[in-house]
Structures are given as structure tokens and as C-alpha cells.
Amino acid sequence: MTDATPERDTVAIDSMAHDIYKQLTEGGNMLDVPFKTMKDVFMWAVCLGAQQGQKMPLTGKRISIFRWAQFDPQIDVPLLKAIAIAESGDVSILLRRNDILNIIEEYANAGIYELRARIFDEFGQPLWNLVSMVP
Amino acid sequence: MKLERITLENFRQYFGRQRLDFAKDKQHRVTVIHGVNGAGKTSLFLAINWCLYGEGVSNVGELISKEAIKLASSGENVEMSVELSFTHDGERYLVKRSRHGTKMFDGSIQVNSADEFIVMRILWDGQAQTIKNPIGTINAILPSNIRSYFLFDGEKIDGFAKPEAAKEVKEAIYLVFKLETLDRARGHLETAASDYRKELKTATSGELRGLLDEDEKAREELKRKEDRKAEIGIELDVARRKVADIEQRLREIQNVRFLQQQRDRIEQDLKVRRAELEDVQNQIRDITTTSYFTLVQPVIGRALHLLDEKRERGEIPSNIRRQFVEDLIAEMRCICGRPFTDGSPEHLRLLRIIDNTLPGALEDEVLDISATLRTFNGRAHRQRDDLTIHMKRRAELVDLIKDLDAEADDIGRRLKDSPLEEVSRLELQRQSFLADIDRYNTDTGSLARDIDSLKERISQLEKRIGQARKNEKKEKLLGIKFDLAQRAADAIKDMYQTYADDMRLRIEAKTKEIFKLLIWKDSHFQDVRLSPDFDLEVIDRYGRPARPELSAGERQVLSLSFITAMSRISEEEAPLVMDTPFGRLSSQPRNNITKFLPDLADQLVLLVTDEELRDQARANLEPRIGREYRLQFDSKTSCTRIEEVR
Amino acid sequence: MLKERLTQLFTLYDPTIQTLISEVLMLEQAHISMKRPHLKEQIDQIISRLANKELDQVDKNSDGSRSLFG
């Protein structure tokens, strides 16, 4: 593939969403702050976005939050690729890492707000709110 | 600078190569060059200026000798140059400026590009060494901006004595005594000081102190909270011990021993259950946070559909990998394991498979991912089941714990209601201590949070303090820079004034000395003054300014006195070259001046007409003349020839 | 004679000022044949250098600002 831009290997979020990521991971109590890693937050955000079919382009400052290598190769990577294939309708997207990243970043950028609302804005402790989201 | 020789080649009316040597020893230091008007005195004067500075020659027409041009044939090169040799500070120099032209068909001359200018140092063994910075060198010897005070045009001789000449007098002093350097230095330092002052105004100050105060307060609060937390810790221990003591006591009392022991067992059980609950919740958290893939089963389904489609279209073999096939071919073995030969049907079939497949990378990806995605469904089920089991267990534990708590409460009530006064009292105390313990735990928790946030705030403050410290240092430095620049500028201003005054007074004294020497109406004039406004004034014996009444000659003498005074005081070693200096003087002043003039300069070159230098004037100069020339003008060729007289 | 007179006047001032003045004068003299030389940066460098020395001297002499850092 003659891709002019070099293949990225970092995943970015919109700087405006950074606070939500922190809110969901920083703190002591697991009942109030359910997530251990930002990677899990990100995966939830992508899946929520994909589930609802909602994408949002990153318009603010981009923050590189972690590297592609931090995704679980057995679960996360195939999942993200599947989402990219379903969205683009094009199997050859498998060979274009940058395009995959763009799609999942935009899903995550929409999903993160939904995630925050469902976890914190609902009645009940955050962990149980999260549990209730598993179908 | 002491002139040695000038060589002219085709310079104006000096056709061909002609040269002239200057008198330069102590006694015989005067060179006299005679010529009628138009003979070439001014051209010679111009030649010296042009050679050294390339200046003074605008509006004088063509410099290249007309005769040389005339005699040249079409297309022939004509060369013009002026060469000057001189000594300065013990070194010998040779300066040459030249110009080339080509004669055109129409008889005119086409000058080639720029003039060439070389300055060479002549070493002791006669070798010539070219100097890299010719202009700078000449300017270091006799700066271009003061040359007109030494290479002196006689027409301007009374210039400094004119009433309106104050400005020129001031400028002459300014230039000759290098006051310009001081002036520029002061100007630049003032500008620097002003810039620093502007910068200082915009700098922030007081920020550092504010931050340090905030930091101090935050640390004080931190300490207070940490102390309080420690205090509560102690109180907590005390309360716990008290509770333990009470429970021990209860165990000792016959009637209620069994109740307390029961409670002990319940507490133990509760501990275990609570730990288990914590554990289960941890697992629930871990399962849940990794259950995101369960949300997107439909999406996975769609992706699989697309992948299968791709495969079904025959673009990708369903279960054979390219790499596998390549490996088989390399080993010359069939899928079933049997070896085959080159060109055999099995071989060809394998090759065909390779030809029909897509590039390896995509194919492998598709196969990999399809296989993995198919497992997600099962995974999702298992995840959900897992979660359900754990949630159920959690619910059970919560109920269990609730029941145990209820049992413990019940025991407590029975103890409280005990008819034994001691038991009842002990239990009440116990419960009160437990309430305290709860409160202490809550307080400790909130203090811990406050402490964390204070520590974070202190860390931020410290970053800002570090930055403010840097800024303050910058500010301090700026303040010092301003102070230094301003003080230096002021110092120069003061020095300049004193120094300039000094110069003025010295020049005044010297001018007076020379004036008295040269003027013939000696007793009529009492004083020469150079005012702070740079007015050159002569005071008569009645104490009045005499300038309005000065004759042309007297003015010229005053002017000349000023110039020679400057030349003496400035310590510039320079020749006085004067072009028709006596032209407008009557005989008396002329005679007087010629008597003393040779001693007023290290070297004197006079370009004169015959009328200027006659009789007594001539006789006065005679003992000091070292070289004498006559400029012979040929009206037929319009050329001048330099003739040596002495 | 002239130089001596200048030097005389000079020594009335503080050594740092003397250094500053003499360095700037040397700079100016070297560029005297230029009509309007651009010496701002060079002069700033000279002043900064001397100012930094002064600042270090002051810091050494003072007892240092109060420090709350452990």
C-alpha cells in the first residue's frame, strides 16, 4: 500500500475528554472509581460508540494516551479491527493501521460521554451502573 | 603620515608618467610647487585626495588624461593611476589607485568597472606586502572625515573665522578629537538603558512573595491535618483497646460469658465474609471492565459477514495459507505428505493455487481474524455467566453479612438489657466506643483526602515558585543592567563635557599662541577666545570682540591659527598640504606667516602661484625648503609637465 | 596626552562602570567608519555579562532568601 503518511502507533483522545478518563480511573474506592486502566475505559468507549453507531471527530488538541502495543492481541485487536471493517465495509482496511485508528478514535470520542453519563449521572454506585450495562 | 613621493600616470592634464618627491627632513620640510593658475596645482591636490580616499573628484570631469585618450587607437586600453608613498609610525606604505578605460570608435573613453585600490606595506628588505583592509588602514592613519583639515584647500582658509562658523569649528573639534566615539557610546548606552527600563515596567513583581505565603499556609494546614490524623489514630487505638478490654471483661462474667463468646464467633465470621465480599467485588470489577466486547456482537457479526463474503468470492482460499503452500513447494511434498516431482500434477496444482491467491498479508489477516472473531460469541456467553455467578455470590454474601450483623446486634441488645448492672453498663460503654471508632474512621478518611489534595496543591505551588524564582532573578538582572547602562551613559556624558571643555581650552590657548606668532598687529590684539559655543573670537586691547573689524587677511590668519593649533594638539602625524594658501593675503600677513609656518607642521607642502611667493615671503621660507618644482603647462597639448627646480 | 586625560577622568568611576565604558568605546572605535553601526546585541551582551557578575556577587553577600524547602 502506498500510504504517504507513516503508520501511527499511538492512540489519541480529544483533550476535552481527558478529564473523564481521569475521573474514571483515579481514586481509591473501586465502587466509585470502577476502572483500573485507561485502556479499558477506551475500549468501553469505543464499544459504546460502535453499539450506538455514534462517531465524533477529534477537533480539539489531541493527546496521545497509549500505544497500539498495549491492546490485548487476543481480544482487543481483533475487536477493533472488526469494528473498523464493519464501519468501512472494506476488508482491506486490515492493512491500513491509520484508518483503523481514525475510526476507533472517533467512536471512542462519542462513546466516552455516554459512558460517563451512564456511570456517574445515574442513581447508584458507579460500579453497579457499569455492571448493569453488560447485556 | 609623512609623504615621500607621488607618481601620476595620465591623471587629468598630467600626461604619461610623472613623479614628484616631497621634502621630509626636520630642517628642510617644505616642498614648494609653483604654477600659474590653471597649470595643475589643484589637479595635484585632487590627485592626493583621490589616491588616498577616492573622493573629492565629483564634478571635475574626466580624470583620465585627454591627451592619452587622443593618442590611443580605437579599442586600445588606457591606464590612469596615482601612486603615493609615505611613512607613518615607522612603517612605509605604498598606495595606488588606478582606473582603466577603453577608447571607443567615436573617440570617447569607456571606463572599465570600478577603480582598483591597493595599499601595501614596504618591508625592510624592499618587499611589498599587500594589506587586506586598505580602506580601514588609511582611515586609521588619517581618517577620511578629518582630511580636509590637513589636505587644505586655500580657498577655504578663512572659513573658521567667519561669524557663522561656530558650527564648523565645533564639528572640526568633534571629529579631530574623536569625540564622536564617546558620543556614540553614550547614545547607545542611553538607548540600552531606556530599553531595559521599558522591559522592567512590564515585568511582574511581588508574585514570588505571594506564592511563598500561600505555600507556607498550605504547609501549615498540612501539618495540622497530619497531626490531627495521627491524634485520631491514637484515639482509635485507645478506643479499640477499650472495646477489647470490655469484651474480655464480659467473657469473665459468668452469666454472660457465652453471649460474648457467641459474639466473638460472629465477629470472626463477619471478618471472613467481609474479606470475601471485597474479593468478589474485585472480581466483578475485573470481569465487568473487560466485558466491553459483549456490547458489539452485532458489529462483530457484520464484520464476519464481510470477511466471509470476501472469501466466498474465491479471492482467498478458505483453509489454505499461502505460506503453507510455498513451504510445501519448497519441500516438494504434497499436502498429504507424499513427495512429488518437479512438473508433476501435484506440483502444478500447488503452483496454480499460489497464482490465484491475493498478496499474503491480507490473506493471513483475514484468516486470523475470522477465526478469532468466531470465538467471541462463546466468550461473551462465558463472560456473562461468570458475571452472573459472581453477582449471585455477592448478593448471598451481602445477605449473610446482614444476618450476621443482625445477630450481633441482638446479642448487644440482650447484654444492654441485662439485669446485671455491670454488664449493662459495660455494653453501653462498648457501643459508645464503637460509635467513636466509626466516627474516627470517617474523620480519618476525610482527613486523608484533604491531605492528598493539599500535597497536590503544594506540589503545584512549588512548581510555580520555581518559575517565579527564575523570573525574579531575571528581574533583578534586568534592574542591574538598567543601572549599569544608565550610570555608564551618565559617566560618559560627564566625562565628555569635561573632556570637550578641556580640548576647547587647549585649542584656545594654542590658537592664541599661534595667532600671536603670525599676526603682525601684535599688540593690538590682546586675546583669542574659543567660547563654550565654539565661537572663535579675537579680543582687542580694549577688551572688546574685534572680529567684525578684522580684515580679510586677519581672518585668514585666525583661521589658519586654529587649524594648525588643532593639528598640533590632536597629535595626528599629518602633513599640511595647502593649495594656494596666500592667494588672498596682502604682503604683510604673508610675510609673517611664512616666517613661522614651517614650524607649525611636521611636513609642509605648498602649491603656490608666483605672485603668492615673492620677495620677503620667499626669503622667509627659503632656509626650510627641501624640494621645489614648477608645473609647466603646454597650451598646445593642454598638458602639464612637472619640472624639478630643486 | 589626550588618552591620558580621558583615562584620568575615567578612574573617578566604579570599576564595573569603567570596564563597561572601555569595552563599549573599543566597540565603537572599531566601527567608527560606519555611519550607523548596529551594535545593540553586542552592547547588550557586554552589559549582561557584567550584570551577571554583579548579581552573583550580591547573592554571595546576602544571607539568601528564606527557604522552606527541606
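**Figure 1. Chain C of the predicted model is built from three helices and zero strands.** The order along the sequence is α-α-α. Of the 70 residues in chain C, 14% are buried.

**Figure 2. Helix 12 of chain B covers residues 376-416.** With 41 residues at 1.5 Å a residue, helix 12 of chain B should span 60 Å, and because its end C-alpha atoms lie 59 Å apart, the two values agree. Phe376(B), His390(B) and Leu415(B) are buried residues of this helix.

**Figure 3. An open sheet of six strands in chain B.** The strands follow the order 9-12-13-3-14-15, and their pairing is mixed. Strand 9 (151-153) and strand 15 (639-644) of chain B are the edge strands, each pairing on one side only. From one strand to the next, the twist averages 15°.

**Figure 4. Pairing of strand 12 and strand 13 within the sheet of chain B.** Strand 12 (residues 576-579) and strand 13 (residues 604-608) of chain B run in the parallel sense and are joined over four bridges. Leu576(B) has Leu604(B), in strand 13 of chain B, as its bridge partner.

**Figure 5. Helix 1 of chain B against the sheet strands.** Helix 1 (residues 41-53) of chain B lies across strand 3 (30-34), strand 9, strand 12, strand 13 and strand 14 (625-634) of chain B. Relative to strand 12 of chain B, helix 1 of chain B runs at about 145°.

**Figure 6. Model confidence in chain A.** The mean pLDDT of chain A is 90, with 97% of its residues at 70 or more.

Note on methods
Residues numbered from 1 in each chain as written. Chains lettered and ligands numbered in written order. Predicted model: local features only at pLDDT ≥ 70, side-chain atom pairs only at ≥ 80, totals over all residues. Helix = DSSP H or I, 4+ residues; strand = E, 2+ residues; numbered from the N terminus. Buried ≥ 20, exposed ≤ 12 C-beta atoms within 10 Å, placed from the backbone. Expected span 1.5 Å × (residues − 1). pLDDT = per-residue confidence, 0-100. Pairing = 2+ DSSP bridges. Axes fitted to C-alpha atoms, helices over the stretch in contact; angles between N-to-C directions. Contact = placed C-beta atoms within 7 Å.
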